[in-house]
Amino acid sequence: MTKKVFFGQNDLRFFYLKYKDSVYYSISIFVLVIVTCLLLIINLIIPQMQKYLSIRNSVIDQRAKIKNINDNITFITNLNKTQLDSQLQTATKALPPEQDISGVLNAIAASAVRAGVTIGDYNFSLGETEQVSTNQVALQSTQPMQSISVVLTVDGDPARLERFLTEISEKMPLSEVISLDSRDNKTTINLKFYYKIFSNITFKEDVPLSPLSPDKKQLVDKLSMWETAPVETDPFSPASTSSAVPLFE
Amino acid sequence: MNNSINLLDYKNKVAVTPSSRKQKLLRRIAVGLLFASAAFSVVFFMLITFSPLPDLEKSRKRASDNLASLDKDIAKLSLINERTDNIKQILDNRTKYDEILSNFQSMLPAGTAVESVQMKEKHFSVVVSSKSLLALDTFLKQITDESTKEYAKIRMTELSTDLNNNTFNLTLNIDML
């Protein structure tokens with residue numbers, strides 16, 4: 001009597017011996033194999049295929065990102081650093097990151113000298129804060145534009161007044177005339193000088209960098225021609241010669 | 001002879017017949033599926049194990065570190081872009097009072113002068129004086145001819161006489177386009 005290894009061993013052996021030569025045995029084996037294969041395909045192969053496709057997409061993304069990063073590195077490395085610094089200096093002079101009172105006074109004084117007008121009383125005040133939105137893709141900036149309001153009195157005929165307005169519009173920091181009131185060759189001008197705090201810069205490394213557009217380059221070149229040399233005459237001191245035009249009375 | 005090999009005597013004798021067509025088909029399907037499952041699982045396993053993704057991630061990190069060393073120049077470029085956008089907006093939107101005055105002055109005939117002018121945004125008010133009404137009339141004709149180019153509205157609000165200076169003063173309120 002053989003020892004039972006497990007419960008039902010003899011029964012299984014009986015059924016095996018009874019049916020092993022029959023067609024049912026082979027069919028059941030084939031069906032079992034087919035079912036097992038289908039289960040393997042559903043639970044193992046299809047998930048593996050999905051994983052492979054996901055890895056393939058990640059590989060494509062990574063390759064594109066690496067290409068963009070390398071292109072950005074090449075672009076930045078080939079930039080003319082001197083020109084970049086000069087452009088930045090011009091741009092920040094035109095729109096300073098903080099109140100530039102000396103720049104404002106210099107712009108007013110230089111404009112007055114060139115227009116041949118004299119400056120009377122003036123006062124400064126902090127202006128309104130204006131929200132400005134920019135449309136840069138890779139960089140976002142939401143710092144508002146701020147201004148210094150200046151009200152000043154200018155003595156001069158209409159031709160000189162017009163010249164003064166032209167000169168002040170081409171000085172830095174950039175200004176805007178809000179209103180003017182002229183009577184008897186004496187004009188009260190309300191000006192706004194703009195400034196804007198530097199914003200936090202967020203940069204996405206895989207977004208391609210691009211150089212300044214031709215329009216912006218042209219603008220910076222135009223602004224660099226407006227750069228004001230400091231006025232040699234101290235605007236707060238009286239004129240030393242009769243030919244000098246007194247700036248401030 | 002073969003029956004004696006199997007000692008078990010069973011009631012329903014199942015004859016051993018050669019495999020039918022359907023059985024052969026089933027066998028082929030089973031073998032095919034088995035082979036396909038094995039082959040695909042091995043192939044996908046190899047593709048996943050030997051994918052270039054880990055190396056690419058390392059390369060990307062190296063490239064990122066290289067780019068990070070150039071962040072000052074990138075910041076400068078972005079600042080220039082930002083500043084020029086704002087500068088362009090200021091320059092486009094500000095009212096050119098000097099040009100307005102210059103155009104206005106160019107329309108003044110001889111013998112007329114601007115006594116006073118107030119300007120704010122797109123509106124300005126001006127007092128033109130002259131010893132001659134004819135000169136003022138010429139000026140009015142000139143300005144109304146030019147009005148469609150620059151001015152949306154011109155209103156004559158006052159015509160007065162200054163007996164001390166023997167002048168006529170014409171007050172105009174003008175809205176720009």
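Reader: What should I know before I start?

Author: This is a predicted model, where local features need pLDDT of at least 70, side-chain atom pairs count only at pLDDT 80 or more, and totals for chains, interfaces and linings use all residues. Residues are numbered from 1 along each chain as its sequence is written, chains are lettered from A and ligands numbered from 1 in the order in which they are written, and side-chain values use heavy atoms, with hydrogens and water left out.

Reader: Which rings count as a pair, and how many aromatic pairs are there over all chains?

Author: Take rings of Phe, Tyr and Trp (its six-membered ring) with centres within 6.5 Å. Planes under 30 degrees apart count as stacked, over 60 as edge-to-face, and the rest as tilted. By this rule there are 5 aromatic pairs over all chains. In one of them, A:Tyr52 and B:Phe44 have ring centres 6.1 Å apart and planes at 45 degrees, so the pair is tilted. This pair crosses between chains, from helix 2 (residues 23–77) of chain A to helix 1 of chain B. Helices (H or I, at least four residues) and strands (E, at least two) are DSSP runs, numbered from the N terminus.

Reader: Is B:Phe44 buried or exposed?

Author: Buried means under 20% relative accessible area, exposed over 50%, and partly exposed in between (1.4 Å probe, protein chains only). B:Phe44 has 9% relative accessibility, so it counts as buried. A:Tyr52 has a relative accessible area of 23%, so it is partly exposed.

Reader: Which pair is edge-to-face?

Author: Look at B:Phe124 and B:Tyr151: the ring centres are 6.2 Å apart and the planes stand at 65 degrees, so this pair is edge-to-face. B:Phe124 lies in strand 2 (residues 123–130) of chain B and B:Tyr151 in strand 3 (residues 151–162) of chain B, so the pair ties together parts 27 residues apart in sequence. Both B:Phe124 and B:Tyr151 are buried. Ring pairs also link them with B:Phe104 and B:Phe139 into a cluster.

Reader: What is a salt bridge, and how many are there over all chains?

Author: Look for a side-chain nitrogen of Lys or Arg within 4 Å of a carboxyl oxygen of Asp or Glu. The count is 15 salt bridges over all chains. A:Asp155 and A:Lys186 meet in one of them (3.4 Å, N to O). That pair links distant parts of the chain, with A:Asp155 in strand 2 (residues 145–155) and A:Lys186 in strand 4 (residues 186–196) of chain A, 31 residues apart.

Reader: Which salt bridge joins two chains?

Author: B:Glu82 forms one with A:Lys196, the closest N and O atoms being 3.1 Å apart. B:Glu82 lies in helix 3 (residues 71–93) of chain B and A:Lys196 in strand 4 of chain A, so the pair joins two chains. Both B:Glu82 and A:Lys196 are buried. The side chain of B:Glu82 also meets B:Arg83 in a salt bridge (4.0 Å, N to O).

Reader: What forms the nonpolar patch on the surface?

Author: Patches are made of residues with over 30% relative accessible area and no salt bridge; like charges are joined within 9 Å, nonpolar side chains (Val, Leu, Ile, Met, Phe, Trp, Tyr) within 5 Å. Accessible areas come from the Shrake-Rupley method with a 1.4 Å probe; for residues, only the protein chains shown count as cover. Here the members include A:Phe14, A:Tyr24 and A:Ile29, and the patch has about 760 Å² of accessible area together. Helix 1 of chain A gives the most, with 5 residues. A:Tyr24 is found in helix 2 of chain A.
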